[in-house]
Each structure stands twice: as structure tokens, then as C-alpha cells.
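Please read it alongside the sequence and the model.

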Amino acid sequence: MHDAFFRVPVTVELPNGELRRLSSASEAAILLMEKWPEEHGSRYRDALRACTGSLTSEEEVENARQAFLAAAEEAGLTVQGVHDNEDAPSPRSIEQPKSSYIVDEKRRDRGHREEQEDFLIRFLARETGITEAQARELIDMVGTDRGSLLREARILKAQR
């Protein structure tokens with residue numbers, strides 16, 4: 001699976017003046033669900049769908065980033081980091097010893113898995129009304145397929 005980190009991070013100023021630096025689609029989705037201004041337009045829904053979807057290519061990650069930027073514009077939020085700096089080296093092109101690169105990749109992959117699981121836990125709790133502990137148990141039992149998780153979470157909520 002391709003990690004969902006933005007090639008160019010985005011910094012958003014929220015209505016309360018707080019600055020949030022977003023490096024991934026998961027971080028953008030969490031901000032959309034937890035800190036977004038009250039008005040939710042069509043671009044908000046598009047961005048939430050894009051950032052919570054299955055992102056398997058760099059193009060899909062960039063599309064999610066662009067959808068988030070459109071939603072921020074719609075909400076009237078100030079955004080920094082909109083344009084890619086073509087002269088800046090990509091994180092993967094910087095020369096470093098192979099062993100260091102492998103360790104960095106493993107650390108990044110582990111961090112990404114933890115970030116994705118944390119996002120799924122919050123997403124399930126918010127969308128279905130189950131607790132975060134219940135969501136964590138479902139992920140341990142079912143895996144990370146969102147369709148299966150949503151179905152099981154709704155069943156669990158209906159039983160209680």
C-alpha cells in the first residue's frame with residue numbers, strides 16, 4: 001500500500017487562529033471531522049470522501065490534497081503551502097546511507113500504520129457512535145477494511 005503523505009504539506013489557519021500543519025490525508029480527514037468550521041459545503045464532503053478513501057497512488061494522494069485545499073477555500077480558511085517548490089528535492093531523493101534509508105522507511109511505515117489505525121478508530125467512533133475502545137477491538141478482529149468495519153460497527157451499535 002502507498003503511504004498517504006502529501007508531497008507538499010499544508011498549513012491551515014483555523015478560525016480561532018490556531019495553525020495546523022498537515023502532512024497526510026489522514027491528518028486532513030481528522031481536521032475535517034474534528035476542527036472544521038460549522039458550515040459544511042459540497043467541497044467539504046468531497047474532501048472528506050477523498051481523504052478517507054483508499055489512497056493507493058501518488059495521484060490519488062494529490063487529488064485528496066487538492067480536494068482539501070478546495071474545501072479550505074470554500075470555508076474561507078487561510079492556507080499556506082499550496083504550491084509545490086519544483087527546486088526542492090523530494091524526501092526520497094536525498095542521498096543517505098542505504099541502512100539509514102531502510103531504517104527511515106521502516107519507521108515511516110510503522111508510523112503510517114499507527115496513524116491509519118488511529119484515524120480508523122476515530123472515524124468509526126464518529127460515524128457509528130461506538131466507543132474508541134470498541135472500534136479498536138473491531139479493528140483487531142476484522143482488520144482494516146472500512147466497509148467491513150462500518151458494517152460491524154453498526155451491528156455492534158444496534159445491539160447496545
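**Sheet**

Glu-13 has Leu-19 of S2 as its bridge partner. S1 and S2 run antiparallel and are joined by five bridges; strands pair if DSSP finds at least two bridges between them. The model is predicted: local features need pLDDT of at least 70, side-chain atom pairs count only at pLDDT 80 or more, and totals for chains, interfaces and linings use all residues. Residues are numbered from 1 along each chain as its sequence is written, and side-chain values use heavy atoms, with hydrogens and water left out.

- Three strands make an open antiparallel sheet, ordered S2-S1-S3.
- Strand S2 (19-24) and strand S3 (78-80) are the edge strands, each pairing on one side only.

- Beyond its neighbours within four places in sequence, Cys-51 contacts (heavy atoms within 4.5 Å) Ala-25, Ala-28, Ala-29, Leu-32, Ala-64 and Phe-68.

- Gln-134, in helix H5, is buried (under 20% relative accessible area, 1.4 Å probe, protein chains only), at 17%.
- A polar atom of the Gln-134 side chain lies 2.8 Å from the backbone nitrogen of Thr-131.
- Leaving aside neighbours within four places in sequence, Gln-134 is in contact with Leu-156 and Arg-160.
- In H6, Ser-148, Leu-149, Leu-150, Ala-153 and Leu-156 are buried.

How values were computed
Helix = DSSP H or I, 4+ residues; strand = E, 2+ residues; numbered from the N terminus. Buried < 20%, exposed > 50% of the residue type's maximum accessible area, 1.4 Å probe, protein only. Polar contact = N/O pair within 3.5 Å; in protein donor to acceptor, adjacent residues only side chain to side chain.
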